[in-house]
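Please keep the sequence and the three-dimensional view at hand while reading.

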Amino acid sequence: MKAIRLHQVGGPESLRYEDAPKPIPKGTHVLVQVYAAAITPAEFAWYPTFHTLEGGIRSFPIILGHEFSGVVEAVGPDCMGVQVGDCIYGLSDWFIDGAQAEYCVTVPANIAPKPVTLDHTQAAAVPISALTAWQGLIDRAHLSAGQRVLIHGAAGGVGSFAVQMARHQKAHVIATASAANTDVVKALGADEVIDYRTTPFETAVGDVDVVLDTIGGDTRDRSWGVLRKGGRLVTIAADAEGVKEQRVRDAFFIIEPNRNQLMNISHLINTGVLRPLAGSVFAMEHFRQAYEQKPMHGKNVLHITQEWQMSRKGAPE
Ligand SMILES: NC(=O)c1ccc[n+]([C@@H]2O[C@H](COP(=O)([O-])OP(=O)(O)OC[C@H]3O[C@@H](n4cnc5c(N)ncnc54)[C@H](OP(=O)(O)O)[C@@H]3O)[C@@H](O)[C@H]2O)c1
């Protein structure tokens with residue numbers, strides 16, 4: 001198969017588009033024909049990119065891109081609940097090869113039916129951002145109707161889903177974004193948008209039940225003061241891992257795959273409650289541009305197969 005593989009520690013310059021062995025599904029594994037895979041530049045610095053789950057060192061070359069949309073090509077002998085030909089989206093395990101390849105391996109618990117209202121390139125950019133927003137706002141912060149939530153980075157991949165989910169929960173949504181993104185964030189459902197470049201948010205908002213911090217550092221540190229007594233702060237910014245303060249460490253989490261949540265997210269997309277913001281789509285061979293061109297919104301995506309082009313022209317998926 002064709003794959004984009006990382007040959008040393010580094011950035012996009014260390015990736016090569018080349019031939020690689022096609023994986024074979026064993027046990028409960030699912031082999032996916034990847035139609036599209038999203039770009040997550042932070043993966044170049046992630047621990048699992050270079051380590052095994054047991055703490056060993058992974059050997060090069062390594063395939064990045066752990067969220068994808070595609071079709072089930074084959075299943076292992078012990079795999080349950082997934083059929084060859086299923087049109088799915090989801091995640092592969094952080095500690096093994098990812099989906100920037102014609103085929104990748106995953107497990108049933110990490111995938112769900114693709115939203116039917118999205119094509120593969122749109123669906124591939126949903127899993128990480130949408131699951132992170134869900135797990136932050138609902139699983140950890142227990143956001144409920146009538147509460148006030150402050151969402152930092154509301155125009156970003158995670159923030160844009162969080163605004164829409166919070167709106168759907170009937171919360172009062174206060175968002176931070178640059179002025180250029182104010183209209184976009186309001187259209188997603190924010191009640192108030194603060195331009196973080198001109199207004200210190202703590203002068204404009206207070207008495208908040210929940211803060212979702214996607215920025216970290218000074219933004220996170222200044223956010224404690226806007227919480228009402230008993231309010232909760234959740235952060236996803238990786239710098240929290242290096243902070244000694246216990247409340248920061250407690251506020252940090254890393255997204256986990258979750259089939260039920262992916263199914264709920266599919267349903268909310270199909271019914272028009274959630275609308276993903278799209279980055280740009282690049283041919284697999286143009287992976288360097290996909291990493292280097294910062295998307296206006298959402299994530300950049302690689303389209304991987306000829307079948308993707310057929311589906312865009314209206315052929316059955
Ligand atoms: N822990 C986890 O499990 C997890 C999961 C997913 C992502 N992450 C991390 O979470 C972060 C956000 O991810 P993402 O995919 O949403 O990123 P993204 O799409 O790049 O969005 C970041 C947004 O932050 C905004 N921004 C920058 N500085 C800001 C500030 N001082 N105040 C408010 N907004 C600001 C930018 O908005 P403007 O364009 O309006 O300036 C941009 O839209 C990244 O660091 C990512 O690595 C962690």
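Helices, of at least four residues, and strands, of at least two, are taken here as DSSP runs and are numbered from the N terminus. The model discussed is a predicted one.

The domain assignment divides the protein chain into domain 1, made of residues 2–126 + 276–312, and domain 2, residues 129–251. Their C-alpha centres are separated by 28 Å. On the side of domain 1 that touches domain 2 there are three nonpolar residues, two polar residues and one charged residue. In the contact between the two, six residues of domain 1 meet six residues of domain 2.

Around the ligand stand 23 residues, of which Gly 153, Gly 156, Gly 157, Ser 178 and Ile 236 come nearest. Helix 3 (127–140), helix 4 (157–168) and strand 10 (172–177) each contribute at least two residues to this shell. By class, the shell holds eleven nonpolar and twelve polar residues, and no charged ones.

Helix 4 is largely enclosed by the rest of the structure, because ten of its twelve residues are buried. The buried residues are Gly 157, Val 158, Gly 159, Ser 160, Phe 161, Ala 162, Val 163, Gln 164, Met 165 and Ala 166. Among the elements that cover them are helix 3, strand 9 (148–151), strand 10, helix 5 (182–188), strand 12 (208–213) and strand 15 (299–303). Just after helix 4, Lys 170 adopts a positive phi of about 65°.

Two of the covering elements, strand 9 and strand 10, are also partners of each other. They run parallel and are joined by four bridges, with Arg 148 placed opposite His 172 of strand 10. In a regular strand, side chains alternate between the two faces of the sheet. Strand 9 is covered on both faces: Arg 148 and Leu 150 are buried on one side, and Val 149 and Ile 151 are buried on the other.

Strand 7 (residues 103–106) also has both faces covered, with Tyr 103 and Val 105 buried on one side and Cys 104 and Thr 106 buried on the other. The partner of strand 7 is strand 3 (residues 30–38); the two pair in the antiparallel sense over four bridges. Within this pairing, Gln 33 stands opposite Tyr 103.

Strands of a sheet pair through backbone hydrogen bonds, either parallel or antiparallel. Here three strands in the order 2-1-4 form the sheet, with antiparallel pairing. Strand 2 (15–19) and strand 4 (62–63) are the edge strands, each pairing on one side only. Strand 1 (residues 2–6) is linked to strand 4 by two bridges in the antiparallel sense, and Leu 6 faces Ile 62 of strand 4.

Methods:
Residues are numbered from 1 along each chain as its sequence is written. This is a predicted model: local features need pLDDT of at least 70, side-chain atom pairs count only at pLDDT 80 or more; totals for chains, interfaces and linings use all residues. A residue is near a molecule or strand if its C-beta atom, placed from the backbone, lies within 6 Å of it. Ala, Val, Leu, Ile, Met, Phe, Trp, Tyr, Cys and Pro count as nonpolar, Asp, Glu, Lys and Arg as charged, and the others, Gly among them, as polar. Two strands pair if DSSP finds at least two bridges between them. A residue is buried if 20 or more other C-beta atoms lie within 10 Å of its own, exposed if 12 or fewer, and partly exposed in between; C-beta atoms are placed from the backbone. Domain bounds come from an automatic or database domain assignment. Two residues are in contact if their C-beta atoms, placed from the backbone, lie within 7 Å.
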